[in-house]
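User: I'd like to learn how to read a few features of a protein model. Could you walk me through some?

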Amino acid sequence: MISNIIISDIIHKQRDFFATGNTRNIDFRIQQLKKLKQIIIDSEESIYQALKLDLSKPIFESFATEIALINKEIEYTIKHLKSWVRAKKAQVPWQLLPASAKIYPEPLGVILIIGAWNYPLLLAIAPLIGVIAAGNCAIIKPSEFAPHTSTLVTQIINQHFSPEYITVVEGGVETSQNLLQEKFDHIFFTGGTAVGKIVMAAAAKHLTPVTLELGGKSPCIVDTDIDIQTTAKRIIWGKFINAGQTCLAPDYLLVNCQIKDDLLAAIKQNLQSFYGDNPQLSSDYTRIINPKQFHRLEQLLKSGEIIIGGDTNQNELYISPTIIDNVNWDDDVMEDEIFGPILPVITYTDISAAIAKINSRPKPLALYLFSRNQNLQRQVLESTSSGGVCINETVMHCAVPGLPFGGVSNSGIGRYHGKASFDTFSHYKSTYKNPFWIDINWRYPPYKGKLSFLKQLLRF
Ligand code: NAD
């Protein structure tokens, strides 16, 4: 655990470095982003190894869902940064002419990033891209539950960046708590809703703004008007990548009762073709992060009736891709975010009642709808609220840098990715400039006789 003295020393040094103005220089920012990308490329093999040790993550998933997302985000940021940093003109009402107005983005200062363990590289580095782009300094605390990746992130960042600019601090809850006692200029947290509340309460003491990237139970509605094979594949891909330990994974299926049997048959068939007869032997299937999460998930297998999977192996922290049928809204598996390879199925007959049920629960991070029916697409979009939505797809919206990513209400506060990251770590400073060559007296006391003039002036 890192002490408060060391933490406040790091913050002090970062504040001094920030005050030099070096981090504001655009060429410096671009240089640092290019360096970050090169470090990730150079560390590819070590990243695969660390993610294998922490989660048994297949190399393909490590590349696609961590390395590639980081590199694409850096490329997008470098491409657009010069236009983002430019001051933007704001229109001035003619009555105030010849004054002019502009909005300047300026960096905030020293940022704290606290990461989660499920995509331990991505969740530590992706916010850092926005931090650098906006001209800030940062302290990163990766998740202690992915220790190999946490150590690797520490090595690669601390080796290549000076600690007064960017540094990584490793540790568990106590380290987080020590960090949270300090004053930062923004705290970017990824994790569960319960800890999110603790982070926000700690931030409130210093009036520090927060971004909370949380989770929730993301519903997946399946209508009858679909391509059934593609629907099955896209659902099980989104659910079982990273063994369901994805904040955006479809949490449960809400299926039209007329198509349920066909859908479940297609899911069964495609699961077999994805992972073979025994997914435990597949090198493409991830393991559960630790025994605590394994035992939590094991308990959830007691809900409803397992129709596919349900196999577990504690030594390997293995839980097979599992589909649970005959689930009720008040079963344990429907209580909290599942965050594992268990997919409960609930049927509906009336979509309005299904939507009402979704709306009676906390707002999810994502909502998925499979349907060709454009009226239904519109109805679901207009009558539900969630961090994001995919139609006829799962999870993929997080791979579009132009789409701000984040939750709403219980699933999070604030957003990032692409320009949204730059905005999150910038203050938009409103400025007003008035020349000296004219100064009409209408606003100055004494006001006598000036009110009717002001009213006339504002009429136009
Ligand atoms: P978590 O909330 O347990 O931990 C996240 C971080 O908070 C860790 O770094 C941990 O050290 C720290 N922490 C834990 N307890 C703390 C405390 N009492 N005080 C201060 N800091 C504390 O979350 P997790 O288990 O690592 O991740 C799983 C959760 O994260 C899921 O709910 C998932 O949906 C969510 N998540 C969200 C996103 C997103 O982008 N929205 C991405 C990944 C995961």
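**Reading a helix and its surroundings**

Analyst: Happy to! This is a predicted model. Let's start with packing: the buried residues of α12 pack against β8 (219-222), β9 (252-256), β14 (342-348), β15 (366-370) and α13 (374-383).

User: Which are the buried residues of helix α12?

Analyst: In helix α12, which spans residues 351-359, they are Ile 351, Ala 354, Ile 355 and Ile 358. These residues are on the same side of α12 because they cover an arc of only 100 degrees around the axis. The general idea is that an α-helix has 3.6 residues a turn, so residues three or four places apart point the same way.

User: And what is found at the start of α12?

Analyst: There, a side-chain oxygen of Asp 350 comes within 3.1 Å of the backbone nitrogen of Ser 352.

User: Now for single residues. Is Asn 178 buried or exposed?

Analyst: Buried means under 20% relative accessible area. Asn 178 has 10% relative accessibility, so Asn 178 counts as buried. Asn 178 sits in helix α7 (residues 173-181). Leaving out residues up to four places away in sequence, Asn 178 touches Met 1, Ile 2, Ser 3, Asn 4 and Ile 7.

User: What about Leu 97: buried or exposed?

Analyst: Exposed means over 50%. Leu 97 has a relative accessible area of 51%, so Leu 97 is exposed. You'll find Leu 97 in the loop between β1 (88-90) and β2 (100-107).

User: Which residues make the nonpolar surface patch of about 390 Å²?

Analyst: Leu 97 makes that patch together with Trp 94 and Phe 460.

Definitions and conventions:
Residues are numbered from 1 along each chain as its sequence is written. This is a predicted model: local features need pLDDT of at least 70, side-chain atom pairs count only at pLDDT 80 or more; totals for chains, interfaces and linings use all residues. Side-chain values use heavy atoms; hydrogens and water are left out. Buried means under 20% relative accessible area, exposed over 50%, partly exposed in between (1.4 Å probe, protein chains only). Helices (H or I, at least four residues) and strands (E, at least two) are DSSP runs, numbered from the N terminus. The arc is that of the directions from the helix axis to the C-beta atoms. Contact means heavy atoms within 4.5 Å. A polar contact is a pair of N or O atoms within 3.5 Å; within protein, one must be able to donate a hydrogen and the other to accept it, and residues adjacent in sequence count only if both atoms are side-chain atoms. Patches are made of residues with over 30% relative accessible area and no salt bridge: like charges are joined within 9 Å, nonpolar side chains (Val, Leu, Ile, Met, Phe, Trp, Tyr) within 5 Å. Accessible areas come from the Shrake-Rupley method with a 1.4 Å probe; for residues, only the protein chains shown count as cover. A salt bridge is a side-chain nitrogen of Lys or Arg within 4 Å of a carboxyl oxygen of Asp or Glu.
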